Amino acid sequence: MKPAPIPIRSHGVESSQAWIRLVVSLALMTIGNVGMYASAVVLPAVQADFAVARGDASLPYTLTLIGFGIGGIVMGRLADRYGVMVVALIGAAGLGLGFTAAGSASSLWQFSLAHGLLIGLMGTSATFAPLVADTSQWFDRRRGIALAICMSGNYLAGAVWPPILQHFIQTTGWRTTYVGLGVACVVTMVPLALLLRRRPPAPDPIHASASANTAAPLRSARFVGRSDPARPLGMHPGMLQFLLCVAGVACCVAMAMPQVHIIAYCTDLGFGAARGAEMLSLMMGAGIISRLASGWIADHIGGLHTLLLGSILQGVALLMFLPSSGMVPLYVVSGLFGLFQGGIVPSYALIVREYFTPMQAGARVGTVLMATLLGMALGGWMSGAIFDWTGSYRAAFINGIAWNGLNLAIVGFLIYRARTGQPPARHVSPQGAVAT
């Protein structure tokens, strides 16, 4: 007998209100995450303006990601307490002030502080982890694809903003571009934030039971009764969170090399910054496809296995960068890199929701995503420093491949624990009874 269809409701989990919020969150993330890519686009111009080395010019990006990561925890806690609307308004103010201050900076340290404290810590962080955690509480059966759609805003920002910024940098200069960007963030984000006034719905036992019955035929049994929240994967919750954080740092150190330095790499090869911006845009655009596909996959095989798949493919793409120095091969590999690794970061948010309680969503999702951002920050700076040391990016790519290997080792261990280190999975019968 087929399970009864779940009625579409105007409010609550899996409702029309949930989908409207998802679209608003996607728009806010697309606008707010410009802070993550702006410093990479202006890197060559800032390096020339302030007459500094490549590693020093990478520092603003590093501080942005550090602020982004730490801010994710702070903003996640604020969202748990006051609601995501308040956090989004704070983000709009931070981006407006940050881009204006950075565009007026007279030295690299002023530019870097504006990026780290205002754009990263106060601005962009408000439009990432809190929106992800909020989205996870409005969906249950389609949580994987919902999180993928929401987090596609991060890559959509990377696809849309670099060509726009590069155009205005070439026509009006990077300083004027930054000031205009700050104004645009405030004007567009404030109205969108006001649409997120409603708090996440309380769990609905009847709706949750029906959702489970509908989803059960689509999922492997081990993902129906995932684990005991007190001993996720048979270990202390703090240990699982620590391993996820280390894995997040490792995969994103590897991920940062092409994302942060592709424009500078193309400039060094003589192709020009505009071609590099196009490759970054292609990379992020392909990442959107990857994120959506990985969300669908995660709803069927779970977050851990989706993370493993993404990590393997990212390692393959990094290897492909090593022999690629022509313009056409770089376009191809950039697209493949985006296609291969786009689903990695959303997998962490899904894993947290699979193995931890929903009451801890904001703080735990924020902590794990902070680790991924710290990995991006470390990888962005490390790649520039390796370039200054060796005079080429080849060693930086090899460094990224090594960090990706560490990520694979941790994810493989967690999958092993998922199979051997937790109680037997619970099976949900068509009548809703739970058995072991």
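Start by selecting Arg141 and Glu14: both residues are buried, where buried means under 20% relative accessible area, exposed means over 50%, and partly exposed lies in between (1.4 Å probe, protein chains only). This is a predicted model, in which local features need pLDDT of at least 70, side-chain atom pairs count only at pLDDT 80 or more, and totals for chains, interfaces and linings use all residues. Residues are numbered from 1 along each chain as its sequence is written, and side-chain values use heavy atoms, leaving out hydrogens and water.

**Stop 1**

Keep Arg141 and Glu14 on screen and show their side chains. They form a salt bridge, with the closest N and O atoms 3.9 Å apart; the term stands for a side-chain nitrogen of Lys or Arg within 4 Å of a carboxyl oxygen of Asp or Glu. Arg141 sits in the loop between α8 (129-136) and α9 (143-172), while Glu14 belongs to the segment before α1 (16-32), so this pair ties together parts that are 127 residues apart in sequence. Helices here are DSSP runs (H or I, at least four residues), as are strands (E, at least two), numbered from the N terminus.

**Stop 1: helix α13**

Next, select Arg275 and Glu278, whose side chains meet in a salt bridge (2.8 Å, N to O). Both lie in helix α13 (residues 273-301), 3 residues apart, which is about one turn of the helix. Arg275 is partly exposed at 28% relative accessible area, and Glu278 is partly exposed at 33%. Back at the previous stop, salt bridges with shared partners join Glu14, Arg141 and Arg142 into one network. The count for the protein is 5 salt bridges.

**Stop 2: aromatic rings**

A search of the whole structure finds 13 aromatic pairs. Rings of Phe, Tyr and Trp (its six-membered ring) pair if their centres lie within 6.5 Å; planes under 30 degrees apart count as stacked, over 60 as edge-to-face and the rest as tilted. Phe99 counts as buried at 0% relative accessibility, and Tyr178 counts as buried at 1%.

For a group of rings, select Tyr265, Phe321, Phe337, Phe387, Tyr393 and Phe397, which form one aromatic cluster.

**Stop 3**

Val74 lies in helix α5 (residues 59-82) and is partly exposed at 42%.

**Last stop: the whole protein**

Zoom out to 18 helices and 2 strands. Of the 436 residues, 56% count as buried.
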